[in-house]
Amino acid sequence: MIIYLVYFAVVVVFLLLLHEVVPYKFQSIRHHLMIDKIPGPKGIPILGNALQFNVPTEEFIPILKKLYDEYYPVYKIWFLGVSIVFIGDPDGVEKILSSQQHIVKSDDYLILEPWLCKGLLTSAGTKWHDRRKLLTPAFHFKILEDYVHVFNKNSKILVNKLAENASGSTVNIFKYMTNCTLDIICETAMGTTVDAQNGGQSEYVAAVKRMSELFQYRQLRFWVHRPLTFRFCPVYEEQNHVLNILHGFTERIITERKAEYKSRNSNVRKNLKSKRISLLDLLVEVADETGELTDLDIREEVDTFMFEGHDTTAASLTWTIFLIGLHPHVQDKIEEELQEIFGDSDREVKMEDLSAMKYLEQVIKESLRLYPSVPQFGRKIDVDIEIHGYKIPAGAHCIVMPLFMHLNPELYPEPYKFDPDRFTPDKVQGRHPFAYLPFSAGPRNCIGQKFALMEEKIVLSTILRNFRIQSLEKPENIKVTGELILRPKGGMEVKLTRKQRITS
Ligand code: HEM
């Protein structure tokens with residue numbers, strides 16, 4: 001009996017493995033020959049280098065960095081029959097990112113699809129082109145100006161929460177940043193509030209956070225990357241439950257908005273320049289006018305913005321606060337700048353103040369150099385290309401690594417030194433346009449880049465007008481995880497000392 005069970009288990013494992021490899025095993029001999037000319041670590045049959053990456057989260061980045069240093073500027077690995085080429089220098093990266101041809105995302109984005117379906121982040125081809133064209137006006141300067149109010153409102157809630165819970169003591173700042181950015185993205189993308197900072201809509205807020213954790217869980221376990229094997233995973237049922245909450249919430253909001261739209265019969269797009277609208281309003285109107293967007297089309301875009309628009313910004317804010325708290329002279333300079341803009345007033349930040357926060361912007365940019373929220377991103381190559389003399393065949397996956405490029409001493413001397421003056425206008429001008437990539441570059445760059453910078457300036461300036469920050473950890477002691485988003489493992493403790501004024 002036992003022998004039959006063992007036999008059965010072996011057959012199941014074999015079939016699962018076959019399922020993993022079948023889509024790729026017919027890669028042409030030409031493909032293999034081309035890829036194998038690219039340097040890289042040795043792997044084993046079928047699994048390739050997969051076992052080398054089956055490590056605890058905090059070891060993932062050091063392994064990739066070691067390979068980057070050893071094989072710079074280009075190296076390859078095999079992962080369950082998939083060829084992955086890492087490109088580490090600005091010239092090589094430019095060839096991929098500047099092209100209109102290589103816009104298909106790599107297969108690891110598949111794990112995002114149960115939540116985001118084929119939204120702007122994950123789609124390709126004409127669908128992506130049409131959606132990008134449709135959504136770009138929603139990030140117009142005039143629309144963003146309207147969001148200043150939302151950024152201010154939530155920053156005030158944040159400093160009041162910090163004053164209640166954190167003044168004079170240490171606090172895990174990451175948690176606060178996540179709740180604040182969640183509230184902001186909900187209000188701007190969906191026009192609704194989840195009140196995460198006050199513990200409201202806790203089921204939806206908990207589901208968003210849990211889904212981000214489940215993405216990381218899956219990203220790190222190569223054997224559950226493909227949908228079939230994921231079905232046998234202990235968290236599969238839990239993910240379905242979380243997805244029901246997430247999709248159910250967005251669907252409810254869409255239904256409400258559609259009903260509201262019909263009743264007020266407004267014309268959102270005609271009013272783009274003068275009216276406060278959310279991304280969802282725009283989509284609802286396009287759906288009504290053209291009949292081309294289904295409820296699912298709308299939902300996948302709203303969900304995409306919910307995901308891309310909060311975790312990235314929360315991580316960036318956290319790292320920036322950490323670095324400011326570690327460098328008192330930088331904090332003094334920001335305080336001087338804010339004093340010049342606001343004096344002793346506790347008024348809200350206005351749109352015109354943002355362009356005066358020049359030094360704070362340099363600080364945010366330098367933090368994103370050291371800790372880019374998206375440490376790497378991938379494309380599936382559409383037609384053969386040549387990079388540094390190596391031919392990369394169509395169908396190969398190419399990974400761009402901003403994190404390591406930003407730490408390359410040829411591009412940034414003394415790369416581990418935190419120096420916001422690297423981003424003075426003259427320094428930026430002399431730099432390769434693809435040497436700084438926190439928001440990617442080219443046609444598929446981050447559509448929310450300006451939104452994020454505005455949001456961060458308002459949140460950070462509000463914190464710094466009310467608190468003095470002190471970071472207690474040293475960068476070398478912090479464990480960094482970077483599967484999807486680069487974050488400090490276990491959060492980030494900082495000490496906040498309240499200044500006299502608390503924004504009311
Ligand atoms: C500091 C904050 C942010 C960082 C560092 C960041 C970074 C990035 C990066 C690197 C990409 C390209 C990813 C890839 O090629 O796979 C991207 C794409 C994207 N980002 Fe952001 N992002 C930030 C904030 C935001 C915000 C606030 C929003 C929305 C309000 C947003 C929406 C998007 C969307 C929709 C895409 C896909 C664009 C496309 O493929 O056409 N991001 N982001």
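User: What are the ground rules for the numbers?
Analyst: This is a predicted model, in which local features need pLDDT of at least 70 and side-chain atom pairs count only at pLDDT 80 or more, while totals for chains, interfaces and linings use all residues. Residues are numbered from 1 along each chain as its sequence is written, and side-chain values use heavy atoms, with hydrogens and water left out.

User: How many helices and strands are in the protein?
Analyst: There are 20 helices and twelve strands. Both are DSSP runs numbered from the N terminus: helices are H or I with at least four residues, strands are E with at least two.

User: Why is the protein called as compact as a globular protein of its length?
Analyst: Its radius of gyration, 24 Å, is close to the 23 Å that the globule rule gives for 504 residues, so the description holds. The radius is taken over C-alpha atoms, and the rule is 2.2 Å times the number of residues to the power 0.38. Along the principal axes, the C-alpha trace spans about 75 × 60 × 50 Å.

User: Why is Phe 60 called buried?
Analyst: Buried means under 20% relative accessible area (exposed is over 50%, partly exposed in between; 1.4 Å probe, protein chains only). Phe 60 has a relative accessible area of 10%, so it is buried. Across the protein, buried residues make up 58% of the 504 residues.

User: Where is Phe 60 placed, and which residues does it touch?
Analyst: Phe 60 belongs to helix H3, residues 57-71. Leaving out residues up to four places away in sequence, Phe 60 touches Phe 53, Val 55, Leu 220, Gln 376 and Gly 482; a contact is heavy atoms within 4.5 Å. Leu 220 is 160 residues apart from Phe 60 along the chain, with 8.6 Å between their C-alpha atoms.

User: What makes S5 and strand S8 a pair?
Analyst: Two strands pair if DSSP finds at least two bridges between them. S5 and S8 (residues 397-400) have four bridges, in the antiparallel sense, so by that definition they pair. Among the bridge partners in S8 are Ile 399 for Gly 378 and Val 400 for Phe 377.

User: How do you know which strands are at the edges of the sheet?
Analyst: The five strands form an open sheet with mixed pairing, in the order S1-S2-S8-S5-S3. Strand S1 (74-79) and S3 each pair on one side only, and these are the edge strands. S3 (residues 104-105) pairs with S5 (residues 377-380) in the antiparallel sense over two bridges, and Lys 105 stands opposite Arg 379 in S5.
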